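Open the model in a viewer and keep the selection panel at hand. The tour has two stops, taken one after the other.

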Amino acid sequence: MTRFEKQGSENRYNPSELEPEWQKRWEQLGLNRTPEPSAKRSENFFALSMFPYPSGNLHMGHVRNYVITDVIARQQRLKGKKVLHPMGWDAFGLPAENAANERGVDPADWTIQNIEQMRVQLKKLGLSIDWEREISTCDPSFYKWTQWLFLQFFAAGLAYQKEANVNWDPIDKTVLANEQVNSEGRSWRSGALVEKRKLKQWFLRITDFADDLLTDLDGLNGWPERVCTMQANWIGRSRGAQFSFKLEQAEKDLNEPDVNLDVFTTRPDTIYGVTYVVLAPEHPLVAKLTTKQQQESVKSFQDEVAAKSELERMAEDQDKNGVALGGTVIHPLTGKIIPVWIADYVLPDYGTGAVMGVPAHDQRDYSFAKKYNLAIKNVILKAGNAANHDPNKAFTELGILENSENFNGLEGEQAKQAIISKAEEEGFGIGKTTYRLRDWLISRQRYWGCPIPVIHCNICGVVPVPVEKLPVKLPKRGETVASIPCPTCGRDAKPETDTMDTFMCSSWYYLRYTDSENKDLPFAKQTASKWLPVDQYVGGVEHAILHLLYSRFFTKALAKKDLISFNEPFKHLLTQGMVQAITFRNPKTEKYIAPTEVLDISNPLDPSDGTLLDVYYEKMSKSKYNGVDPGVVIDKYGADTARMFILFKAPPEKDLEWDDADVEGQFRFLQRIWRLCQSAKERNSEIKLNLNNAFGELNAKEKDIRRAVHTAIKAISEDLSGEELQFNTAISELMKLCNTLTTHLEEANENVAGEAIAALLILLAPFAPHLADELWMQLGGVDSVHQQKWPIEDEKALITDTITIILQVNGKVRDNLHVAPDIDADTLKKLALESDASKKWLEGAEPKRIIVVPGKLINLVS
C-alpha cells in the first residue's frame, strides 16, 4: 500500500519516505511536462538555469542555481502560465577530455556516465524539470545543428579562417579566445600563463555586431547593472579618427612612397603634437620600415616581447620599452619627417596596431619619450590658464589648441571635429569608431568538441560540408581520417581537424529546448517565438563576458538572417552568489586543513605542526576540504529542507555562507508546518481547503487570521515578482504566517481555517514541493497542490478595524491601546488617562504634558 492509498495515516514528518514517492507521483501525473504553448507569448513562461558541465558530482552551487529556477517555474505554473523548464548538459570540452585521458577511458563514455549519475542526483531535489526535452551537446543529434548554424554563418561571411596571433595555453595545448584569458594573462581553465603564437584559425565576426551589442545593453532592464557594465567595458567603444602617414624612403631598397601607415587615435586634436609613431612589434609594416642597421636589435626586441603576456605589456606601472626601426613617415599636415619605433605597450589587435606618439598629451607616450630622448611638443593649453601643465607630466585634458597652425584657438570637441573634417577633405584621414572587442576565435586543437564542418581541398579551397551530410561525427578516440572526397570536385581532400570552442554549443542551446524533437531544423522560427526570449535565466556572474556575450551575438546574427524573430536571448537574468563554507588554512604552509582534522574550533590548530589556522568563509571546493555533499544533506534532512535553507540563508545574488545550524533550523520549521496541519486535521474534520470560501460574519480573531493570510499572500507575491527576486524574505513571511496560525487557528471557523491552510500550502509549494503536496493530500485537497491557482490577496481582508498605539509614561512603554484608525487626539488622550497603566504609573497625578504621535504613540509626562 502506498502513502496515496493510506490517505495520510502518517503522523510524523519523514521526508526520506515521502519525497521519493511524490517524485514518482509527479512523473506519473506528467505535472512537469511542457504543455503546448499559447499563441499569446505573454501566457507562456520559459524558466532556465545555465546548463551544467557533467562532472558526475552535484555540488551546492548547482543546488542553489537549480532550486532558484525551480521556485520560479513552479510559481509561474500556479499563476496559470504554460511553463517550459528544461535541463541539458554542456558536455564537450577540456575538463571531460582531460579527466577521461587520466583514467584511460573514452571521453564519450566518461561523459555519458557522469550525465546519468548527475541526472539521478538532480531528480532527488524534486525539480519540476521536463526531462523529455533533455539535451546534451556531445550528442550528434544536437551538434549536427551546431554545425548547421556554423554553415549558416559561413555562408553569410560571418565565419572565416585566417592566420593570426593567438593565445596559446601551453598546458592544455590549445588556443583560447581573448575572453578566455583572465586579467593576469592566464588561461581561464588551466591557469597557465598564456603565450602568443601565429596560427591559422577559425573566427566568427562578432565585431560586425559590436555597436548593436553595446547599444542594446540599455534595453536589458531585467539584467544586473554590473553584468551590463562588464560587457560594455569589454566591447570598449572608442570614438576618434584614423589618420594615414605616408612612408618616407629610409633606404634605397625602400621605394614605395604610396604605402601608408594607418593610426587610430581618440585625440585627433593632438595631431600637431606627434613627434614619433610607434607600432606593435607584430605589425606587418615593421619589416618594411626596418633599416639594415636596425634589423638585429629589432628582431631581438620582437623575441623579447613575444614572451610577455598582454597584461605585462599593458600594465601602467611597467617601464615602456621600444626600439627605433630606422624608417620614417611623413606628417600629413606639417610634412615633417617622423621617426617610427616599435614598443611593447602597443598591441597588434587594438586599433590599427599603431599609435601616434604625442608625449606632451599622453602620459604613456611622455614616459616613453623621456626614456628615449624623443621630442616633446605642446599643442594643448589648459583652458582659462596660460600655464599649460606640469613640465614633468603630460597634460591629458581637453583644452585650447596652440602650435597647430590654422586650428590655434579652437577648443575641445570643436577642435577634434575641425581636424577630422580637414583630414576627410584632404583624404589623409576619417572619423572612426573602434572597439576593444575582437572577433571570436572558435578553433580548438582538442579532440572532445564539435567538429568544424569544412573540408580543405587543394583545388577548391575551403569547402563546406553539404547540409545533408551532417553531422560530421567525431572519429573514435585515437583514429584519424587522412582524406575524404571533396564535395565539389570529388578529389581527395583533408577534413578540418580543429574542433569548436564549447561556447559555440552553449550560445544557442536554449533555442533547441523550444523544439527539441525537430528532425528538419535546429528549431522552427514560429515555435521558438512562442517561448523566447527566455523569461528568467539563472546562472553565475562569471559568465558575463563569455557565454552571455556570445549568446547575445548568436541571437543577433540569427535574427539578421531571419531565423528568429527576437533580438536578445534572455529577458531577465539572475546571477546567483557563490556557496561558501568555513575554511581552515595554515598561514605558514598555505595548505588547507579538513574541518574533521580540527579538534577544537574555538582554537583551531594544524594537527601536524600546531600552527594556529586562519579561519574564513570561502567558495566550496574539494581542494579546500570545505565542500558539503548535497546527497548527505538530502539523506539526513530531505530535499525540501535543503531547498529551504539554500533559499533562506541569503538574497539570491549574494554569497551564501553554509551553516549546519541553519539547515537544522529550516528542518524544524518544516516540522512546525507538519504539526500545524496535523493539529488542524485532528481538531476540525470539517476544514475544506479552499481559497474561495464564503465567510459571513467574522469575529476579531478570525479577521486577524485572514489579515495575516492575505498579508503573507501579498508580500510573497511581491517577493517573487519584479526585477529583484527575494526568496529569503518570502520564506520569512511563511514563517510569520505559520506562527500566527499555530497560535490562533483553533479560534477560527472551518471556512477561515480552510482558506488559511490552503493558502499556506500553496505559498509553500514552490519552496518545499514534497511537503506541501503531502499535507495537501492529507487534508483532503483536490488534485495536487501544484495544480492549484496562486492566491490573490483580498484587499478587504487587509483592512484593519483597529490600530495599536503605544502608551508611554515618562518615555517608558507601559501598555498598548487598541483603537480605531481614525481616532481623534482628544479621545485618545481620554482613553490613555483612563487606562490602568496610566493610573498605576502616574499614581493619581495629572500629567504636565501629553505628547501624541498620530498613529503611533502617546506619552504622558508627569
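Select G638 to begin: this residue follows helix 18, and its phi is positive, near 100 degrees. Keep in mind that this is a predicted model.

Step back to helix 18 itself, residues 630–637. At the start of the helix, select D629 and G631: a side-chain oxygen of D629 comes to within 2.9 Å of the backbone nitrogen of G631.

Next, colour P630, V633, I634 and Y637, the buried residues of helix 18. Why do they lie on the same side of helix 18? Because the arc they cover around the axis is only 95 degrees. Now show V632, D635 and K636, which are exposed and sit on the face of helix 18 turned away from its buried side.

Go to the second largest pocket, which holds about 640 Å³ of space. Centre the view on K473, P475, V481, P495 and E496, the closest to the pocket centre among the 30 residues that line it. Then select strand 19 (454–457), strand 21 (484–485) and strand 22 (492–495), each of which supplies at least two residues of the lining of this second largest pocket.

Finally, colour the lining of the second largest pocket by residue class: 18 residues are nonpolar, eight are charged and four are polar.

Methods: Residues numbered from 1 in each chain as written. Predicted model: local features only at pLDDT ≥ 70, side-chain atom pairs only at ≥ 80, totals over all residues. Heavy atoms only, no water. 1 Å grid on protein atoms, 1.4 Å probe; cavity = no way out; pocket = protein on both sides within 12 Å on 5 of 7 lines; lining within 4 Å. Points joined across faces, edges and corners; volume = space filled by probe spheres on them. Helix = DSSP H or I, 4+ residues; strand = E, 2+ residues; numbered from the N terminus. Nonpolar A, V, L, I, M, F, W, Y, C, P; charged D, E, K, R; others polar. Buried < 20%, exposed > 50% of the residue type's maximum accessible area, 1.4 Å probe, protein only. Arc of directions from axis to C-beta. Polar contact = N/O pair within 3.5 Å; in protein donor to acceptor, adjacent residues only side chain to side chain.
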